[in-house]
Each structure stands twice: as structure tokens, then as C-alpha cells.
Amino acid sequence: AAAKMLNQLCARSVRSSRRRMRGRLMWKEGSGWVRSTESLTCRTTPLKPTPAVCPGVPRNASRIFLRELNTQRYLSVAQNDRSVQVIMTQQPASLFVTHLREERSKMQSIGSPMGFEHEGLPACGSFLRAHEKFLEIFTSSIWCEVTCEGSRKDDSNEFIWHPDATLQHAPSGRWLYVDPYEPSVVMLHNSCKSRWEAMPTL
């Protein structure tokens with residue numbers, strides 16, 4: 001019963017957020033579909049300098065909740081009708097297992113490359129990644145949708161955990177971002193960044 005109520009709440013949140021996001025898309029000559037000028041501004045507090053090594057970087061095979069520091073919301077995977085959506089929720093709902101790419105870590109001068117595998121339903125065993133169809137259609141857009149699909153560990157679901165606690169999607173170069181004025185929506189943005197922390201299970 002609790003899981004059903006969570007899915008219903010998540011579905012309503014996703015639908016309302018998607019309506020707002022679709023309403024802000026506009027066609028820009030030479031650039032394709034982009035969000036309106038109002039949405040192009042990063043409405044979050046500036047990132048302050050942090051130590052060279054972030055103590056919050058999760059280790060390999062850690063079981064964590066991903067929390068965005070500014071809004072204090074959690075990245076969650078929810079079922080919306082027949083599709084799986086990635087949204088932000090006030091309470092932790094989705095557990096992720098980290099897969100540190102050790103062979104790539106040795107080549108990275110900054111940041112720790114890793115994948116995030118969802119543990120639980122829906123999309124059990126799937127990885128966080130950019131929405132392939134969305135990324136293909138809106139290649140010139142400044143943002144794209146986050147999804148959780150595909151159980152194979154590959155380059156498409158690799159993120160880089162940077163020393164300042166920001167998360168960058170390696171293939172697209174976009175940053176995992178939550179707009180504080182739309183805190184239920186998480187996206188991959190060209191320039192706006194959010195800080196994240198790995199919350200261990202109790």
C-alpha cells in the first residue's frame with residue numbers, strides 16, 4: 001500500500017513538472033529546441049570552493065541514496081503509468097549501488113568515474129543515464145532528461161563525481177542539476193550544476 005501511494009505521488013509530481021518543462025521549450029533558430037530565456041538562468045546558490053579531495057565520494061559497491069545539497073531532496077526512480085521516471089522526492093525512495101570505474105580512475109586527473117545501479121523496483125538493476133531518444137532529438141538543447149534503464153555497465157551510464165561534489169554525465173558532458181524553483185525535476189544541464197552527497201543506508 002505504501003509503495004502504491006509513493007508511485008501515485010511520484011506520478012502526479014512528474015506530470016505537473018513535465019507540463020511546466022514542456023511549456024518552457026522554444027525553438028531557437030540554428031540551435032533547435034531550447035528552454036525559454038527565463039529557464040536558461042541557473043537559479044541556485046553559487047558553488048563555493050571545496051577541498052581538493054571531497055570526503056563524500058562513495059567507494060565502489062557502496063549502497064547509497066543520492067541527495068541534492070541545495071534542496072535536500074533525493075533522486076528517486078518511480079513508475080509513471082507504463083514508463084519509468086527519474087524525479088526528486090522529499091524522502092529517500094531509491095537505493096543505488098555504485099560501480100567505480102577503476103581503470104578510468106587512473107586516467108582521470110580530476111573526479112571519480114562511476115555508474116549508479118538502481119536497487120529495487122521499478123527498473124531493478126538499471127543504470128542512471130541520459131535519455132537516448134531525448135538526447136538524439138535535442139542534441140543542441142542545453143538540457144536533457146535523466147532516465148534509469150539498461151542493465152549493462154558501459155560508457156553511456158558513466159558519471160564523474162568531481163571534487164566539488166558535482167556530478168557530470170561523461171558521454172554528454174552535461175551536469176546533474178535540480179532547479180530550486182522546480183525541486184521535483186532533475187535534468188542533465190549544459191552549465192548549471194548541483195552538489196550531491198552520498199547518503200549511506202542505516
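Contact means heavy atoms within 4.5 Å. The model is predicted: local features need pLDDT of at least 70, side-chain atom pairs count only at pLDDT 80 or more, and totals for chains, interfaces and linings use all residues. Residues are numbered from 1 along each chain as its sequence is written, and side-chain values use heavy atoms, with hydrogens and water left out.

**Exercise 1.** Find the residues in contact with Phe116, leaving aside its neighbours within four places in sequence.

**Exercise 2.** Describe the largest nonpolar core.

Solution. First, the rule: a nonpolar core is a set of buried Ala, Val, Leu, Ile, Met, Phe, Trp, Tyr and Cys residues joined through side-chain atoms within 4.5 Å. Buried means under 20% relative accessible area, exposed over 50%, partly exposed in between (1.4 Å probe, protein chains only). Next, the size: the largest core has 25 residues. Phe116 is among those with the most contacts inside it, as are Leu66 and Trp161. Finally, a second, separate core has 6 residues, including Trp143 and Met187.

**Exercise 3.** Count the disulfides.

Solution. A disulfide is a pair of cysteine sulfur atoms within 2.5 Å. By this rule the count is 0. Take Cys148: the nearest cysteine sulfur, that of Cys124, is 9.5 Å away. Cys148 has a relative accessible area of 3%, so Cys148 is buried.

**Exercise 4.** Is Thr89 buried or exposed?

Solution. Relative accessibility is 10%, so Thr89 counts as buried.
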